[in-house]
Amino acid sequence: MSMHYFANPARFTRLAARIQPWAGGLAAILLLVGLYLALVVVPADYQQGDTVRIMFVHVPSAWMAMFCYSFLAVASAVGLIWKHPLADLAAKASAPIGAGFTFLALVTGSLWGKPMWGAWWVWDARLTSVLILFFLYLGYMALWQAIEDSQKAGKAAAVLALVGAVNVPIIKFSVDWWNTLHQPASVLRMDGPAIHPTMLWPLLIMALAFKAYFVALLLARMRMELNLRRIRALRLAERTS
Amino acid sequence: MRAFQAIIARDLLLAVRQGGATFLALVFFLLTVTLFPLGIGPEPAILARVAPGVLWVAALLAAMLSLDRLFQADFEDGSLEQLTLSGLPVSLIVLAKIITHWLTTGLPLLLAAPVLAVLLNMNSEGFTALLLTMLIGTPALSLIGAIGAALTLTVRRGGVLLSLLVLPLYIPVLIFGVSAIDAAVHGLNAKPHLLLLAALTMAAIPLCPWAAAAAVKLSLE
Amino acid sequence: MFQGRDIACDRGERRIFSGLDFQVSPGQALVLRGPNGCGKTTLLRTAATLLKAAAGKLTWNGADIAEDPEEHRARLHFIGHQDAVKGALTVRENIAVWAKVRGATEDRIEAAMSAFDIAHLTDTPAQYLSAGQHRRTALARLVASPAALWLLDEPTVSLDADGTACLQRAIAAHRADKGMVMAATHIELGLDDVEILQLKLQ
């Protein structure tokens with residue numbers, strides 16, 4: 001099958017319309033199961049008590065924040081290199097979802113930090129990296145917004161996404177470096193005091209639920225964007241004819 | 001190569017003729033550093049403690065605010081398209097402009113930094129490290145900034161957007177720059193920090209002009 | 001010989017023209033005609049490789065230009081809507097800067113200034129020039145450094161009759177020297193023996 005098989009918007013829309021309810025349904029079921037396990041079945045932590053349950057939202061959100069940015073960067077590369085017409089669309093549609101997960105990771109991190117460290121915000125390496133990632137998302141979305149010609153905006157945003165993707169590991173490394181210089185290792189770290197197997201399952205289920213939710217939302221946003229473009233094209237044709 | 005030098009010579013001539021820009025960056029640098037003692041109090045020990053960070057943050061902002069003249073004026077009067085038609089690869093043209101930007105912004109900031117370090121009562125152990133980090137790190141500011149400046153060329157009043165795009169990318173430069181000076185001030189080995197900073201700049205030299213060139217070409221379409 | 005085959009161009013999401021063929025031989029001038037919005041500027045910018053054609057191929061003596069766009073850029077002059085003249089530099093400096101950037105020496109600058117009758121303005125900063133003198137300074141670039149292909153987009157804008165005559169003489173000399181010209185213009189340039197390429201609104 002060629003790269004451009006799904007480039008046909010009509011074919012994509014048909015396929016997306018078929019997948020979207022399944023992805024949505026899967027997300028809902030997994031979320032219910034995951035939340036049940038996380039909130040009811042898993043025992044409270046002997047050190048942190050019930051606050052440990054925030055982890056089941058926080059950690060998958062942080063994963064998704066990274067995942068969405070990787071997706072965005074790959075879609076941008078495909079758009080720039082192979083000029084696949086749906087790639088720009090996918091990148092654009094994934095950014096607000098990624099920013100949403102990033103924001104969720106920040107908020108839950110802050111909520112989790114209060115009982116753990118006694119402060120709403122601590123400059124922990126992980127939280128700081130996620131905060132910077134949030135800025136990268138905002139910059140990406142702002143650039144899309146600022147350039148009027150949607151084709152130009154797509155290409156410029158793709159260049160920015162790739163520059164960001166190269167920088168994310170460097171930023172992550174530098175923040176870790178900075179953190180080890182400024183913080184003694186005695187502080188309880190957020191990426192978990194050795195995850196217990198009873199906690200691992202709900203965590204994975206929640207992560208899958210978030211992934212399915214991402215797929216459903218992405219397809220919905222892409223279909224909406226395609227419809228908007230069609231409306232614009234029709235209007236343009238009407239005006240020039 | 002002659003054309004490459006000619007572009008640098010042209011931009012330097014313009015910078016000298018139009019003047020002001022370097023002076024403004026320096027004044028901004030001085031003014032920002034002056035705000036800190038006024039904000040956090042004149043206690044010499046506290047100032048000495050925060051001096052490396054303050055100097056780097058101020059230098060970073062000064063460099064960022066001068067990015068808009070990297071391409072903007074040439075874009076508006078048609079010079080940028082004439083430059084790309086010179087037959088030189090666009091990435092080299094961008095590199096020439098980055099070099100001029102560093103000569104007219106990074107270098108003056110580097111020279112002014114020790115004076116401001118004295119104002120902040122910075123420990124004298126840190127001066128060599130301060131100069132070295134500035135020497136190695138400010139080129140990275142011009143290189144990375146060029147991408148942001150090129151991407152926002154077609155955006156009206158792109159200044160705020162430019163800072164949103166560029167500042168997150170400046171964070172590693174800030175971290176390695178400040179940690180090197182901190183290490184030197186505390187009598188530790190600054191070398192690993194300096195090497196990381198150098199690695200960052202070396203990686204930026206081929207990558208940034210290339211990405212910025214892609215953005216410049218896009219703006220001319 | 002500079003050739004375009006089956007060229008199509010888009011602006012935004014709209015197709016401006018398609019299936020366009022043209023060719024310019026040494027000594028020849030091709031004048032683009034057509035109403036506003038028919039794509040004269042787009043075609044000239046595409047010929048200068050500032051824009052990418054949506055379809056079709058540009059060739060120079062049979063070789064595909066897309067394979068080495070830098071080489072193509074080095075052999076052309078493009079005069080667009082903007083003059084690329086810096087107010088902080090004098091007339092002479094403005095012309096010299098572009099000659100040097102294009103790898104030429106300074107020995108044709110005096111000739112370029114007299115060709116457009118601005119020799120008396122040599123040391124005047126460009127910010128004090130009138131619009132017509134500004135335009136002449138931009139056009140003097142054509143003479144200051146040699147290039148086989150001239151792409152001129154409305155070159156006579158803000159020129160007076162005398163300035164237009166200067167341009168005519170420069171183009172005639174360029175053609176006599178086996179140069180090629182592609183020009184978009186609304187007014188009669190008064191050139192002999194030109195080919196006309198008529199563009200239509202799509």
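Ala84(C) sits in the loop that runs between strand E6 (76–79) and helix H3 (91–101) of chain C. Keep in mind that this is a predicted model.

- Most residues other than glycine have a negative phi.
- Ala84(C) isn't a glycine, yet its phi is positive, at about 55°.
- Ala84(C) counts as buried because it has 22 C-beta neighbours inside 10 Å, and the cut-off for buried is 20 or more.
- Lys178(C) also isn't a glycine, and its phi is positive too, near 70°.
- You'll find Lys178(C) in the loop between helix H6 (161–176) and strand E8 (180–184) of chain C.
- Is Lys178(C) buried or exposed? Lys178(C) has 11 other C-beta atoms within 10 Å, so it is exposed, given that exposed means 12 or fewer.

- Chain C is assigned two domains: domain 1 covers 1–75 + 149–202, and domain 2 covers 82–147.
- Their C-alpha centres lie 22 Å apart.
- Domain 1 of chain C puts 13 residues into the contact, and domain 2 of chain C puts in 11 residues.
- On the side of domain 1 that touches domain 2, strand E7 (149–153) and H6 of chain C each supply at least two residues.
- H6(C) gives the largest share of that side, with five residues.
- By type, that side of domain 1 of chain C splits into eight nonpolar, two polar and three charged residues.

Key:
Residues numbered from 1 in each chain as written. Chains lettered and ligands numbered in written order. Predicted model: local features only at pLDDT ≥ 70, side-chain atom pairs only at ≥ 80, totals over all residues. Helix = DSSP H or I, 4+ residues; strand = E, 2+ residues; numbered from the N terminus. Domains from an automatic or database assignment. Contact = placed C-beta atoms within 7 Å. Nonpolar A, V, L, I, M, F, W, Y, C, P; charged D, E, K, R; others polar.
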